[in-house]
Amino acid sequence: MTNYRHIGRHVPRVDGPEKATGKAIFTVDVELPNMVYGKILRSPYPHARIKSIDPSEALATPGVLYVLTGAEIPHIRYAFVDTPRYPADEQPLAVDKVRYIGDEVAAVVAETEQLAEEALEKIQVEYEILPAVFTFAETLKPDAPIIHETSYESGNTAWEKWGVKGKWQLEGNGQAVANSNISAETQVTLGDVESGLAQADLVRTDTFSCKATAHCAMEPHAAVASYDSNTGKLDLYLSTMGIFYKRFILAQVLEMPLNKVRVKHTYVGGAFGGKIDVFPYEFCAAYLSRKLCRPVKFELSREEVFTTTRQRHPIDVTITTGIKNDGTIVVQDIKVLADNGGYRGSGPIVSYLCHGFSFPVYKVDNYRYHAMATYTNNPIRGPQRGHGAPQIRFAIDSQLDMLARELGLDITEVMLKNARQKGDVLPNGDYLGSCGLQESILGAKEKIGWSKIRGRSLPQDPGRKKRGVGISLCAMFSGAMYYPFTSAAVIKIHDDGSATLFTGTQELGQGAYTTLAQIAAEVLNLEMDQVSVVGGDTEICPIDIGSYLSGGALVTGNAVKMAAEDARNQILFWAGQKLGVAPEKLTLADKIVTVLGTDQELSVSIVTNFAILQNNGLPIEGRGSYKGYPETDRYPSLAKGKGLFTGAYGFAAQAVEVEVDTLTGEVKLLKASTHHDCGYPLNENIVEGQVEGCASMGQGQALCEEVILEQGLMLNANFLDYKLPLAPDTPDCAHQPVNTMEPRGPFGAKEVGEGSVAGMLAAVANAVYDAVGVRITSLPITPNKVLAALQKQKKEQDSK
Amino acid sequence: MSNQPVNLTPQKLVPLEVAVNNRTYLLEIKPNETLLELLRNRLKLTGTKKGCDQGECGCCTVLIDDEPASSCLVLALSTHGRKITTVEALEENGQLHWLQEAFVKHGAIQCGFCTSGMLLVAKSLFERNNSPSRQEIMEAIAGNICRCTGYEKIIEAIWQATNPLGNNTGAQLPKGGELFD
């Protein structure tokens, strides 16, 4: 492997000491002079018409400064998805109806947090309670109450306004959802399903379901907005994953020019997909700061974070798969139902992404995919790490295990037979410039001790605790075409040869600042501490695609690499001019330019000085940029799955060993082995951290995490009742990067931050089956479900 | 909007004497003020984080007389005459504490929001047990949620820093669950 100075090495995080000492400033830590505090009044009903709102008593309270209701801003509408087919359906505060428990009804600003909190109770709201729907069956009934009666005019279709073509979107013309609770639909057909079924030796149809889960970023959602009436400038501190996206939407709805809206840097205390959307509290902070000409802070309580930010979509997947006796998958017919709650959220995206994360893994010639997202009166659902991948991978690989077992095959052989390979072109045109699936399957299988453990545990064996192994595969995009479609980077070379990188990306914990600094330091051949990073500020940093869909390494990383190369080339050019030597004959290391094969050298300090004198004072600044998908100028169709999706896919195989306690039904994850093909790890330590974090989240989704809802009310909106993995649950976690050297990637790198959640779910379910012979098709695999299945199994055996 | 005077302290204030990070403060506080509010809002020690305000996440962990406690559940009044240690006290003269060094070195920090709580629990664990096992480390931090790391690197950092075999000899941390061969 190439011998790099920083790349691929275990470089400590650049933001480590700042965070270890408590000095790092997060949004919740921002305090500004003259600041006031906001709180939100929320709907106690899942579905109701607002008959009247009377804020007079609240307003009469000394210290209460403003009560904002939807009546003041009825025209404002925005949403994460905003296309001609799916026009924005969210309003910052309810105007006519509330559609879930927690829906925003009014915002109060007061001199203190406590006064604002107390004022909420003084706002009188009269509701007319409407019938509500919570399940797929209820919401899809022909006579179900319609949650969004009006078809909204598409006013501010964000992406197309930006000049990006959306040809695909116009094909279907208009909304897919007139007067029904269907919020989005995706349909894809490849090959011929009927002829595929005819070729199959074994066909199975099974249904799998996943509940809603919560992101649980440790920093609660918060926003501080500060408007200066003299300059007309609005400063924003937001706990966010994409500063340019938030600026774009907020500037648009506030009708402010982009140069007057600035998102300033704060560290983000975790996000996992849950901090992409523009939230009502952010709009309210911005709007009310402008109204009151004072800084306004909103900080959500943990209960509000659980219930009113976003959750992972509960999804039902029904799959019919046909397979030949030799293990070749000949047909797959997939039906997906996703519940996006009271508003569309990312419904159309998850409908599309369940396809996007299904088809890159196995080559299936005859394939039909139909997804529907529905409105219900449940909390809103949005992106969560993997965004559809955990749910669809759970379904596909659970069923594959069932099929393989029925045919008497080992699932890993079936996987190897059908898995995509490097050089494959996917049906939408995406090219797999790298694909380590085969190697990952073999590696994960070997590491977990597959052949030693698999099938060892038999139902008739005595002994209370039984062990089994399971495996699953996953795929994830490395960024895609979405607003603002590009990442740019600027590198300033200072007079002494040290450098500062300006990037619009945001540090959420994923290590972006560290890996980007490594890329710059590698190209410029500097020590790490000779490169500083300035990020997360819309005013001083060049535009960036944001930290979602795992584009950080590929998209932002390439932009930074190009900027560093540009700066290096300029240094070598001016050094060449000064020395009268061609730039190709020069090398750069530690702020010194050397003529190859000689001891003639020149400091970068002298070179920059020379460049400034020769070049009319222009200092050396490198610039670089990279687009979400270089070969396309349009975003893919969410409804038809057409168009190019991503420049490179990350892949992983995950194998686990579990122990099932047949007396209590408890499943303990003993070992988890992930072989993740991230192209090439830019930073070993950070890649390990991402994989371990993903695997832990996958462990939670497989075994314990579940948003428990009763008539739309979340019953476990706290960390005591919402079970997520704690330190004592940590398994022996092994991971091996599979180095496939993605040709598009900077130094061969691609996705690592999201993929390896998704393989854990089916791996655990398959391991439970391997241990005790019961198939759990609905996550999480709680002791209750295991016990019930074991009892059913026993009854069946006894009756034989 | 009302023009009446705004009463910012509706409750009667009570005196408090408390030592925070080796300095004794004389304060007047609201009787219902939590230790977390006192630290963050009054003393501006924002290294202590509010993750849930319900005593369940561990982000607000501080040491009270060297014992870890969720400062969101502690009434500031009850710390009268006691000694509080927050993350800000770990670094001395611009030098990171050895536990902080270990957290940075071993990748135990991602978003950083749980870090101060984790560090203080680790410090208190070490003072009771200067060579904790993997199991003892896992149990000590069981009340501190970390969503980023999956805990492995935090456990490793604490073990490497506290175990005399750790850093110097390059000994391997025993793994959790059932061991890989």
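Two strands pair if DSSP finds at least two bridges between them. Helices (H or I, at least four residues) and strands (E, at least two) are DSSP runs, numbered from the N terminus.

Before you start: this is a predicted model, where local features need pLDDT of at least 70, side-chain atom pairs count only at pLDDT 80 or more, and totals for chains, interfaces and linings use all residues. Residues are numbered from 1 along each chain as its sequence is written, chains are lettered from A in the order in which they are written, and side-chain values use heavy atoms, with hydrogens and water left out.

**Stop 1: strand E8 of chain A**

Select residues 202-210 of chain A, strand E8. Find A:Asp206; its bridge partner in E13(A) is A:Ile319.

**Stop 2: where chain A meets chain B**

Show both chains. Contact (heavy atoms within 4.5 Å) involves 70 residues of chain A and 55 residues of chain B.

Seven salt bridges (a side-chain nitrogen of Lys or Arg within 4 Å of a carboxyl oxygen of Asp or Glu) are counted between chain A and chain B. Select B:Arg147 and A:Glu705: their side chains form a salt bridge, 2.7 Å from N to O.

**Stop 3: helix H19 of chain A**

Which element gives the most to the side of chain A that touches chain B? H19(A), with eight residues.
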